Amino acid sequence: MSKPNYSGTYHLVEMDNMDTYLEALDINFALRKIVCLLKPTKEITHDPATGAMKIRTLTTFKNFNMDFTIGKEFTEDLGPVDGRTCQTTVSWEGDKLVCVQKGEKEGRGWTHWLEGNKLHLVRMCGLKGWGRDGGKSRNKES
């Protein structure tokens, strides 16, 4: 069975528990409050044949770029997020993309999946830090 193509532009619909997730990352109070007000747009370019993926998270405050090949570990610079670097691997679990970020914070990573025209995201950090984007509407260019 072929994997889904995640390419598209996604706009935030809803977000839950972001403050809890950011607190688990030791992000200061003021920055957490700013981040929780943002409505990010996510631009994804995905080549299912090679596994190459580029994720651009765009906000009015800060942008974050992530380029990788699915299944291959890479060093991720999380400077724009929390000033850390980690060894990151994004892999398939069924039709879901699961990211494991090994570094200073245990249990850190995220899971993406598509449901209709929505891209879902759950972020994890440790046992109590998680945040969920309940969906981002999809404008797929194809």
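Student: Why is T41 called buried?

Tutor: T41 has a relative accessibility of 18%, and buried means under 20% relative accessible area, exposed over 50% and partly exposed in between (1.4 Å probe, protein chains only); T41 therefore counts as buried. The model is predicted, so local features need pLDDT of at least 70 and side-chain atom pairs count only at pLDDT 80 or more, while totals for chains, interfaces and linings use all residues. Residues are numbered from 1 along each chain as its sequence is written, and side-chain values use heavy atoms, with hydrogens and water left out.

Student: Where is T41 found, and with which residues is T41 in contact?

Tutor: T41 belongs to strand β2 (residues 41-47); strands (E, at least two residues) and helices (H or I, at least four) are DSSP runs, numbered from the N terminus. Contact means heavy atoms within 4.5 Å. With neighbours within four places in sequence left aside, the contacts of T41 are T9, Y10, H11, R56, T57 and L58. The C-alpha atoms of T41 and T9 are 7.0 Å apart in space, although the two residues are 32 apart in sequence.

Student: What makes the pair T41 and H11 a polar contact?

Tutor: A polar contact is a pair of N or O atoms within 3.5 Å; within protein, one must be able to donate a hydrogen and the other to accept it, and residues adjacent in sequence count only if both atoms are side-chain atoms. The side chains of T41 and H11 make such a contact at 3.3 Å.

Student: What makes the pair D67 and R56 a salt bridge?

Tutor: A salt bridge is a side-chain nitrogen of Lys or Arg within 4 Å of a carboxyl oxygen of Asp or Glu. For D67 and R56 the N to O value is 2.7 Å. D67 lies in strand β4 (residues 64-69) and R56 in strand β3 (residues 52-58), so the pair ties together parts that are eleven residues apart in sequence.

Student: Why are D67 and R56 called partly exposed?

Tutor: D67 has a relative accessible area of 43%, and R56 has a relative accessibility of 21%. Partly exposed lies between the two cut-offs already stated, so D67 and R56 both receive that term.

Student: How many salt bridges does a search of the whole structure find?

Tutor: The search finds eight. One of them joins the side chains of K105 and D26 at 2.6 Å, N to O. This pair links distant parts of the chain, 79 residues apart: K105 is in the loop between β7 (96-102) and β8, and D26 is in the loop between α1 (18-24) and α2 (29-37).

Student: Are K105 and D26 buried or exposed, and why?

Tutor: K105 has a relative accessible area of 17% and is therefore buried. D26, at 54%, counts as exposed.

Student: Which strands pair with β7, and in what sense?

Tutor: Two strands pair if DSSP finds at least two bridges between them. Seven bridges join β6 to β7, in the antiparallel sense, and β7 and β8 pair over five bridges, also antiparallel. C99 in β7 stands opposite V90, and its bridge partner in β8 is W110.

Student: What is found in the turn between β7 and β8?

Tutor: The β7 and β8 hairpin has five residues between its strands, and G107 in the turn has a positive phi of about 70°. G107 counts as partly exposed because its relative accessibility is 46%. With neighbours within four places in sequence left aside, G107 is in contact with M124, C125 and G126.
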